[in-house]
Amino acid sequence: MNTLVNTVFGQVEGFRGDGFTCFLGVPYARKPLGDLRFRAPQMVEPWEGVLEAKGYPKDPMQANAVFGPEYYSEDCLYLNIWVPDHAGENAPVMLWIPGGAFANGGSGALSPEGPTSYDCALLARDTGCIMVSMSYRLNVFGFLNLNYLSDRFDDHVGMKDIIMSMKWVRETIASFGGDPDNVTLFGESAGGEAITTLMMIDEAQPYYRRAIIESNCFASYYTVEEEKEICELYLSYVGLDKDHVDDLVNVSYEQHIEAGRKLDAYVSEHYTGRCSFCPVVDGTFIKDFPTLADYTGFDKEVLIGSNYSEGNFQMMYLWNDADKYAPCLLRRLDEDKQKQVMGYYDLPDKQAFGEMLTDVMYAVPKLWFAERVSRSGAPVYLFRYDYYTKIQEQLGLYCCHVSELLPLFEIKTKPFGSLYAGNEAEIRTIGTRMRRRWGAFARTGCPDVEGCPQWKPYTEQERNTLVINLEDHPVVDAEAKIRERYAGFDRLLL
């Protein structure tokens, strides 16, 4: 592919890689600064001359104990594109939405030359799809709906950023050889939750064809009333009241850091299992909770999965207070049901608490979601990722949250890059197979690939699950024990 591309917004020049052409730091919206701070995104304006797209943008502004604010930026609405040499015309497109609890992360890098956590070069080469990664506003800048207090603020800003990136892909990706009618969203953790949220937003529906959802904590949402509580708490943490909310635009980075820490502590105790910043189900823009919604008429293929030991990630910093946090995790249940659920686990044992976190936050709502979507007749493919490295075993993490990203991206950056040291060959084998399956799904809507076991759709009648490990294993009702434990419940954290 030519490194110089003519788009509807202007010329973009990228660079050649090993088997792909790359375009880094392409703006999809106007800079959200000045009068556009805390506002819904506006489509990027056409530019004159050639846009040099040869370096990663900065990640969105966030709190980080290691790196200072100079490594991040509110000017963060950019995306990156990898076009494989063998893509051909009208190639499938995969749009990566990064996770990070709606407070951290992004698809940029600490420096223009990288590295980035989400280098999509391998994905592009192994799938034959055009890969796009994007960043969106996080924490207070994207997920605090203060519009009920002042018209200086818009609501759902972070989610609207993601939709704007989808619109940009729809209007522009053909210039790079992509098929705008065949876009697959894929994301992990908060990125996966963003995708299930997009499924609840009418405006988003024309801009994607399929969805891959990894390690989503389905219950990390607020109601409108809960969000008002969070907003007012946050304002108090930065020294403001409701009558002076407009002054938030002048709050320093250091004040935001401290306010975020205080909010984390509050949410951890009062909303255990949710992110401090998360989408708000208001019944209009975001219509419903994904595990409670009616998907009648939904016609998009969905691939969804979680890791066998997801909750061990959170367990590592909560387990010393398991007696405190286990009931908090089940605060929505009456006392008898709390006792029933907690009786399934050998609490406060460390691994037992991790198992409880896995079930309540990930595995059970994943099954509920898959059941509801499958009732629409749309194909649903379910997986469970079971592989863990020697280092993960030694740390007691096993196949915890983020584990499936190690092979999918072959992550080299901290803090996760070191987890697969000594198991590189196994990781590469698993990753190649995953990328081929993800690519097949993006291309056709079915994740079957030649030479691998068949992956059948999941329904309530045939609960087919692909267990991903050193080898793939199709299993019927792989999580029957978990499903039976929670039979009769319809919600846990919500």
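**Note on the predicted model: pockets, cavities, packing and backbone**

1. The second largest pocket has a volume of about 330 Å³. On a 1 Å grid over the protein atoms alone, a pocket is an open set of points with protein on both sides within 12 Å along at least five of seven lines. Grid points are joined across faces, edges and corners, and a volume is the space filled by probe spheres set on the points. The model is a predicted one: local features need pLDDT of at least 70, side-chain atom pairs count only at pLDDT 80 or more, and totals for chains, interfaces and linings use all residues. Residues are numbered from 1 along each chain as its sequence is written, and side-chain values use heavy atoms, with hydrogens and water left out.

2. The lining of the second largest pocket comprises 18 residues, and Tyr308, Glu355, Thr358, Asp359 and Ile482 lie nearest its centre. A lining residue has an atom within 4 Å of a point. Helix H10 (350-374) and helix H14 (480-485) each supply at least two residues of this lining, and H10 gives the most, with six. Helices (H or I, at least four residues) and strands (E, at least two) are DSSP runs, numbered from the N terminus. By class the lining holds six nonpolar, six polar and six charged residues. Ala, Val, Leu, Ile, Met, Phe, Trp, Tyr, Cys and Pro count as nonpolar, Asp, Glu, Lys and Arg as charged, and the others, Gly among them, as polar.

3. There are six cavities of 30 Å³ or more. A cavity is a set of grid points where a 1.4 Å probe fits but cannot get out. The largest cavity contains about 70 Å³ of space. Its lining has 11 residues, of which Ala219, Pro365, Trp368, Leu492 and Leu493 lie nearest the centre. Eight residues of that lining are nonpolar, one is polar and two are charged.

4. H8 (residues 322-329) packs against H10 at an angle of about 15°, with the axes 11 Å apart. Axes are lines fitted to C-alpha atoms, for helices over the stretch in contact, and angles run from 0 to 180 degrees between N-to-C directions. H8 and H10 are therefore roughly parallel to each other. Angles under 35 degrees count as roughly parallel, over 145 as roughly antiparallel, 65 to 115 as roughly perpendicular and the rest as oblique. The crossing of H8 and H10 is left-handed, meaning that the near helix is turned anticlockwise from the far one by less than a right angle; clockwise is right-handed.

5. The axes of helix H5 (residues 224-237) and helix H6 (residues 253-270) come within 9 Å and cross at roughly 135°. That angle makes H5 oblique to H6. Their crossing is right-handed.

6. Three strands make an open sheet of mixed pairing, in the order E1-E2-E5. Strands E1 (4-7) and E5 (50-52) stand at the edges with a single partner strand each, so one side of each is left without a neighbour in the sheet. The twist averages 30° from one strand to the next. Two strands pair if DSSP finds at least two bridges between them. E2 (residues 10-13) and E5 run parallel and are joined by three bridges; Glu13 has Glu52 in E5 as its bridge partner.

7. Most residues other than glycine have a negative phi, and most peptide bonds are trans. A cis peptide bond joins Gly114 and Pro115, with omega about 5°. Pro115 is in the loop between strand E9 (91-97) and helix H1 (121-127). Ala101 lies in the loop between E9 and H1, and its phi is positive, near 60°. The bond from Leu347 to Pro348 is also cis, with omega near 5°; Pro348 is in the loop between helix H9 (335-342) and H10.
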